[in-house]
Amino acid sequence: MAGYSPGGPDQTDQDGNSAKKLKVTSGSPMAVAPGATGDTASIVGPRPPGIVAPPQFYLNQQQLQVLNYLQQNQATLNPQQRALLQQLQQQHRLMTQHKHQMLQRQLQQQGAAGGVVQTGVAGSYSVRAPVYPQQGTYGQPSQQRVPVPQGIVRTGTSPVGVPRPIGAATGVPQQQPAAPAVSVAVQQQQQRPPFSQSPGGAVTLTPQVNHTQVAATPVPPEPSPPATPLSDRDLQVLLSQRELASSLAEDILAQFTGELLEPTPQATEGSARSGASTPGTCSAKPSVAGLNSALGGEGVDKKGTGGDKLKSTKPGVSIHMTAAEIVEGCSEAAKNEMFFVNLLSDDPAPPKPPERPAVVVTKDMLLPQTPSVFLENKKQAFSPQLQEFCVAHPIAVIRNIANVLKLDLGLFSTKTLVEANPDHTMEVRTQLMQSSDENWDTERKNMVWRCESHRSHTSIARYAQYQASSFQESLKEEQEKAQGVQRESDSDSNSSLPSKGGSKRCRKAAGHFKTIKFGTNVDLSDERKWRPQLQELTKLPAFARVVSAGNMLSHVGHTILGMNTVQLYMKVPGSRTPGHQENNNFCSVNINIGPGDCEWFATPEEYWGVIHSLCEKNNINYLHGSWWPLMDDLMREKIPVYRFLQRPGDLVWVNAGTVHWVQAVGWCNNIAWNVGPLCASQFKLGVERYEWNKLEAFKSIVPMVHLTWNLARNLKVSDPALFELIKSCLLRSLRHCQIIIEFAKILGKEIRWHGRGKNEIAHYCSNCEVEVFDILFVKEVDKKHVVHCLDCSRRMSPKLEGFVLLEEYSMEDLMDVYDNFILHPAMSAAPSSS
């Protein structure tokens, strides 16, 4: 929306693409006005005879590349890029229709000279087809003859598409195709029409079955037929034209990129007849494989957001198959003990952190200005542009949102919390108070990444007392300093926030830090205890609410503390939230209640692999450890870092996968929760972290398999990229369940029906903490029934002796969910012309 402008230069979004990557300025190579082409602009002076300027809506090669890129990254486009995409798609449709129209006109004119009968037209004059200059996508010299396809005849009364009889005239050699025909229509087109020439020069048709020979005379051109959608036969006719095939291939590939779903067969009488009459020819259905074969390509990769490949689950299995077809062959896989499952790929190679992005980071890019927006009214808070602004950047600050929405932040103040539930338990982290640029070891001698933070528990009332006494003590110290009184215990390391200059020397002399306590993870999920607080948060726009239909985490079906519920943090100066990515890379919302500020640090998701390497160099586990990045190390490694202050009433949006760490500057409270926007990038990052967590033996508290099936049950998805990701995960999960069932049959194990209760939580293996879906392997341990995964169960007993197998869902139910999950048309999409 107007007024939403990031505070600085180009920012980097969550997919690693600059948010302004496609924004062009006048004078740049990409600055092509709509309808104008780079090639036509280069024509100077009078055009050669017979050359006609192409229509203004024709796309040049640069515009086709832009269209291809935008189609591949629809989920991450900003409003300007979406408008450009719609404009280019409209021009591309017009261009395709116009090409088809011109081809029909040329076929008519060539037919007039090559034997196509046209009757009922009076008058005669010569016609020359217009010629457009070569643009890389269209153009054909008029002197080149176009073979007349046998399947297209225009006689004044016969409709387009009626097949003509195939035969060879006496004395006329037949044209031999240089390569196998793609279809019957192409094979027919490569044969010359039977004709003979009379002594007077008139062209006549050689009859095949009681056809009267009619002399063809030059006729005036008929008005151009209206633009019609390309049928399967027309597509093959276009591909058979050598002059058009190479240029048309680029257009077709651009159309199919991003929506490579199997096209529905459109059988016609002519194609069915052709397919039945000629053995050994391909079907007329324009499948992806047939299209690639016709174009001489090796195949088209299915791509989602960011252009990553979605590999097929196994040869011959795809998301376009039915559930019944997918489960076929699972018994053979069970015999071979093929139990490996990866929701994104069948590649057995373990997942690994990403490499450093290829972009060159200059010195002035190391501290980019944080994207922020200042809201002026409630309308801006609920505008769709605000959500688009947030999801387009690794992190964003929405300032003044509490004021425009009239949020009563006092409901989350320490005083109100104590009055409401003073005995409510909370977690406490004991830390050392130090500057946000520093992190000292336990001996206070060296700067390190390891962050000391020891856990304990207390109540809200007790921590509130500590928070208040800490504030009063600080005020007393400031008053004494102002009066010139220096207490023996005072030092730079024992004051509120040590200054950067000279602090290292003082710390070494003092040899100790001031110990502080950070109150964290205060659970506000109980609506009976915290109804006023939770009700106040419903004033937020839908994309930032704790519960909404557009939030993936609202479809989990059970509570995940701190993710689809609210958690509160009570802080004193120096309280640290160490470096981390959110659980399963979901987005997060954080509001500062005040009265003090918080200092934030954030790095784009693309650099988490580099930070992971730095953690390993410092002997810290990236997932399990507690670490505080040193700014000097990050600058040395050329890792960009967003650094900003969050003031009371500010909302910080942390995008999917963003690495961040926070330190309190003053005394304040914060509330936070996670959200999952319904987009391909969020789902893909969530599944990627799900697989990485399995490798690292780290529990994914978001059960992604369970969530995926619930999304398929509850949602109608219109985003092709998100649809393919969800469908692929469903496919692999469905096959895995069936393989386990077949394996149980081989072992002679009975699977008992268990079902699922309402709001029942997802199950995890008690040993490796991996999610266990549908088939539960239960064993009694210490008089308790404990759930195990298949791998751990087989390690304990290869024949699953002593295990009871329970089934939560019937295979019929899962197969119905899979088959009924289809791609729905977008509500606001314009009707397609093809």
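**Stop 1: N400**

Select N400, in the loop between strand 4 (395–399) and helix 13 (401–404). The model is predicted, so treat every value on this tour as computed from it. Check the backbone: phi of N400 is near 70°, a positive value in a residue that is not glycine. Most residues other than glycine have a negative phi. Is N400 buried or exposed? N400 counts as buried, at 18% relative accessibility, because the cut-off for buried is under 20%.

**Stop 2: N759**

Now jump to N759, in the loop between strand 16 and strand 17 (763–764). N759 also has a positive phi, about 60°, although it is not a glycine. Its setting is another matter: N759 counts as exposed, at 53% relative accessibility. The cut-off for exposed is over 50%.

**Stop 3**

Select G594 and P595. A cis peptide bond joins them, with omega about 5°. Most peptide bonds are trans. P595 lies in strand 10, which covers residues 587–595.

**Stop 4**

Show the side chains of F601 and W628. These two form an aromatic pair. What is the geometry of the F601 and W628 pair? The pair is edge-to-face, with 6.1 Å centre to centre and 75° between the planes.

Colour by element of secondary structure next. F601 sits in strand 11 (residues 598–603), and W628 sits in the loop between helix 18 (608–617) and helix 19 (631–636), so the pair ties together parts that are 27 residues apart in sequence. F601 is buried, with a relative accessible area of 0%. W628 is buried too, also with a relative accessible area of 0%.

R576 lies over the face of W628, at 4.1 Å from the ring centre.

**Stop 5**

The structure holds 15 aromatic pairs. Select W449, W608, Y622, W627 and W692: ring pairs link these residues into a cluster.

Then select K699 and Y764. The charged end of K699 sits over the ring of Y764, 4.4 Å from the ring centre.

**Stop 6**

Zoom in on one join. Strand 16 and strand 21 (residues 804–807) pair in the parallel sense over 3 bridges. Here I751 stands opposite L805 in strand 21.

**Stop 3: helix 22**

At 1.5 Å a residue, the 28 residues of helix 22 should span 40 Å; the end C-alpha atoms are 41 Å apart, which agrees.

Step past the end of the helix. Helix 22 is followed by G748, which has a positive phi near 75°.

Conventions. Residues numbered from 1 in each chain as written. Predicted model: local features only at pLDDT ≥ 70, side-chain atom pairs only at ≥ 80, totals over all residues. Heavy atoms only, no water. Pairing = 2+ DSSP bridges. Helix = DSSP H or I, 4+ residues; strand = E, 2+ residues; numbered from the N terminus. Phe/Tyr/Trp six-rings, centres within 6.5 Å; stacked < 30°, edge-to-face > 60°. Buried < 20%, exposed > 50% of the residue type's maximum accessible area, 1.4 Å probe, protein only. Lys NZ or Arg CZ within 6 Å of the ring centre and 35° of its normal. Expected span 1.5 Å × (residues − 1).
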